[in-house]
Amino acid sequence: WAGSANLGPRIGGRVARFGPELSGAFFVVRGSTFIAADEGGAEETLEEEGWFAYDREKRKYVATWLFSNGVVGAFDVELLPDGVRLLSRELVNYESGTRARMLFQRRPEGDVSMNVDLALPGKDFVPWLVSALKKK
């Protein structure tokens, strides 16, 4: 899967792979986002891996997301008719109290949108990353 990515006013691209791992016990998302250089800055690449699992005791899906900048998130997962929504319980190596929300949504055209919103402590969610991916 490949497509566009917007990180605030900065524009770039994104590639991702989705699939089962470890005998189907987990569903894994591996992605890389490439953001063009800001004026006077360098191009940035952010890689991530997300691992979905079913918590048999709590009878719900959960996910752990790891980012190449050292941020790690533990998420509760909500299954939607056309995708999944993740809401963080905790983020490690980020400002304490910050929350993250991620939405993967299959669109009628067959492509997949991925939106990541962040909420600083005491603030509402704001878009952080918006991406649209098409199957290669």
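1. First, some ground rules. Since you're looking at a predicted model, local features need pLDDT of at least 70 and side-chain atom pairs count only at pLDDT 80 or more, while totals for chains, interfaces and linings use all residues. Residues are numbered from 1 along each chain as its sequence is written, and side-chain values use heavy atoms, with hydrogens and water left out.

2. How many salt bridges does a search of the whole structure find? It turns up eleven. To count, a side-chain nitrogen of Lys or Arg has to sit within 4 Å of a carboxyl oxygen of Asp or Glu. The general idea is that side chains of opposite charge can pair when their charged atoms come close.

3. Start with Glu 48 and Arg 14, whose side chains form a salt bridge at 2.5 Å, N to O. Glu 48 belongs to strand E4 (residues 44-55) and Arg 14 to strand E2 (residues 10-21), so this pair ties together parts that are 34 residues apart in sequence. (Strands, E, are DSSP runs of at least two residues, numbered from the N terminus.) Are these two residues buried or exposed? Both Glu 48 and Arg 14 are buried. Here "buried" means under 20% relative accessible area, "exposed" means over 50%, and "partly exposed" is in between, using a 1.4 Å probe and protein chains only.

4. Next, have a look at Arg 107. Its side chain meets Glu 109 in a salt bridge at 3.9 Å, N to O, and it also meets Asp 111 in one at 2.7 Å, N to O. Zoom out a bit and you'll find Arg 107, Glu 109, Asp 111 and Lys 134 linked in a network of salt bridges.

5. How exposed are the members of that group? Arg 107 is partly exposed, at 31% relative accessible area. Glu 109 counts as exposed, with 59% relative accessibility. Asp 111, on the other hand, is buried, at 4%.

6. Now for the backbone, starting with Arg 59. Phi here is near 55°, which is a positive value in a residue other than glycine. You'll find Arg 59 in the loop between E4 and strand E5 (60-67), and it is exposed, with a relative accessible area of 67%.

7. Asn 93 is another one to check. Its phi is near 65°, again positive in a residue other than glycine. Asn 93 lies in the loop between strand E7 (83-92) and strand E8 (99-106), and at 58% relative accessibility it counts as exposed.

How values were computed
Helices (H or I, at least four residues) and strands (E, at least two) are DSSP runs, numbered from the N terminus.
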